[in-house]
Amino acid sequence: MYSKTVLERFQNPKNAGSMHGANAVGQVGNAACGDIMKMYLKINDNGVIENAKFKTFGCCAAIASTDIACDLIKGKTIDEALKVTNKDVVSLLGELPAHKIHCSILAEESIRAAIENYYKKKEKELKKANKQN
Amino acid sequence: MDRKIYLDNASTTYVSNEVLNEMLPCFNTIYGNAGSLHSFGRSSVAVLDKARDRIKEAINAKKSSEIYFTSGGTEADNWAVIGIAHAYANKGKHIITSQIEHHAVLNACHYLEKEGYQVTYLPVDETGLVNITELLHAIKKGTTLISIMAVNNEVGTIQNIKTIAKIAHDYDVVFHSDAVQAIGNLNINVQDMEIDALSISGHKIHGPKGVGALYVKSGVKIDPITFGGDSQERGKRAGTENVAGIAGLGKAVETACRNQALTSRKLKSTRDYFVEKLSEKVEYFQINGHKHQKSNAILNVSFYGVEGESLLMLLDLAGICVSTSSACTSKSLLPSHVLKAMKVPDEIAQGSIRFSFGINTSKSDIDYVVEEIRKAINKLRAISPVQPGRF
């Protein structure tokens with residue numbers, strides 16, 4: 001049912017775990033559908049994603065998808081990361097069963113959620129700075 | 001990993017040697033069509049008669065002619081629900097079942113709804129028991145059938161079948177029970193339990209796949225749902241009889257019922273040992289289903305903070321075969337309808353695994369399984385954003 005890559009990534013995810021010093025955290029999904037994904041990013045001042053890690057409650061496909069998503073955005077700028085889609089995730093995984101495609105979509109959404117969280121934090125910081133000025 | 005441990009006996013079982021030996025001659029020696037008048041046909045009829053007699057004895061039916069062979073538990077359930085509803089359509093078009101039935105019953109009910117029937121799906125309590133008061137409230141003029149399973153296939157809860165049957169008869173309603181998971185685990189006596197129709201499957205009890213039976217008490221009306229030769233199964237179930245399968249089914253039911261008390265005791269000690277070891281080695285889990293009133297063969301466990309399918313896959317990689325009770329492996333992504341009806345919260349339901357033990361499951365198997373569960377759980381919890389302690 002699952003490709004070799006999915007099983008390999010599920011068993012030995014490279015990017016699993018939380019991150020110390022993450023400045024962007026996004027969470028998507030819910031328990032009713034069976035998947036919750038949390039993405040941690042460290043974005044530097046130049047807007048480059050230096051590191052990406054994840055924690056996922058979900059099936060093999062969900063865990064493998066988030067792991068691949070982290071690989072796909074590491075070293076990229078925010079703009080480049082926002083261009084990553086679920087199709088990129090699926091193509092790196094080899095293939096996903098039709099009813100598991102939503103896992104790759106959630107992985108894509110988790111990237112966006114983390115970046116959104118990053119911008120929100122930035123906005124707050126700016127407002128704070130403006131007030132002080 | 002060479003070790004293989006099969007803890008999915010509620011899905012299916014291996015065919016036992018005694019069943020296989022009963023079947024083998026029917027493939028190339030006794031191969032006549034049971035509908036033929038010649039000696040080859042008559043030999044096959046004799047095989048069918050023997051199997052019918054064995055099942056009649058095993059479940060204490062009054063007559064062998066009350067046993068009809070089908071292609072399995074699903075067909076038996078479909079036929080009982082649709083066939084009985086149709087046969088009593090003049091009297092009314094309301095039937096009652098529960099929310100935790102097998103889909104073979106539930107989807108047959110959905111089919112009837114499309115035909116204009118009204119169906120009440122009774123709720124269950126958190127242990128999986130059908131609420132008897134709700135049942136009494138649901139019965140009305142025009143109710144013709146109550147269908148409640150004897151043993152639930154996901155959590156193992158045993159329903160109060162005799163009570164429900166008595167209530168049905170008080171109101172002159174036919175009572176059907178899906179006993180696919182009950183045969184061999186529970187003493188089934190259709191006369192004592194006042195059951196009007198009962199579904200049986202072969203492959204859950206070391207019989208072959210693709211064969212089952214429906215017991216229909218004489219006097220209870222049922223319309224056919226298969227159409228073909230008029231002579232087969234007394235005009236009720238068309239199709240050339242699966243003689244080898246039926247021979248195997250007869251032997252499997254006979255053996256399962258004969259050994260039922262012994263098997264249950266053995267499975268209880270296996271299950272109790274499993275729970276004891278699991279409690280020693282793993283934190284944060286709950287056992288779903290009734291505490292005492294349940295099948296010894298099935299144990300449904302929710303592990304907090306992990307999702308069932310990923311746990312299943314890690315166990316599979318260690319040679320352990322179990323099943324998730326969540327529907328995540330199927331195309332539906334919703335948690336199990338049974339756990340939902342039992343009001344188990346979604347994120348707990350998603351982490352549930354059904355272990356179903358066999359007569360050959362040893363204590364050393366359990367030790368190995370529990371150790372592998374511990375490892376898998378630790379691995380998955382380490383990467384889960386859901387904290388198990390907060391449930």
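These notes cover chain B of a predicted model, its side facing chain A and one of its helix pairs.

1. Ground rules. Local features need pLDDT of at least 70, side-chain atom pairs count only at pLDDT 80 or more, and totals for chains, interfaces and linings use all residues. Residues are numbered from 1 along each chain as its sequence is written, with chains lettered from A in the order in which they are written.

2. Overall form. Chain B has 13 helices and 13 strands (DSSP runs numbered from the N terminus: helices H or I, at least four residues; strands E, at least two). Its C-alpha atoms fill a box of roughly 65 × 50 × 35 Å along the principal axes.

3. Interface. 17 residues of chain B are in contact with 20 residues of chain A (C-beta atoms, placed from the backbone, within 7 Å). On the chain B side, α10 (308-317) and α12 (346-349) each supply at least two residues. The largest share, four residues, comes from α10(B).

4. Helix pair. The axes of α3 (residues 39-59) and α8 (residues 243-258) of chain B come within 8 Å and cross at roughly 25° (axes are lines fitted to C-alpha atoms over the stretch in contact; angles run from 0 to 180 degrees between N-to-C directions). α3(B) and α8(B) are therefore roughly parallel (angles under 35 degrees).

5. Residues of the pair. Among those making the contact are Val47(B), Ala51(B) and Arg54(B) of α3(B), and Ile246(B), Gly250(B) and Glu254(B) of α8(B).

How values were computed:
Two residues are in contact if their C-beta atoms, placed from the backbone, lie within 7 Å. Angles under 35 degrees count as roughly parallel, over 145 as roughly antiparallel, 65 to 115 as roughly perpendicular and the rest as oblique.
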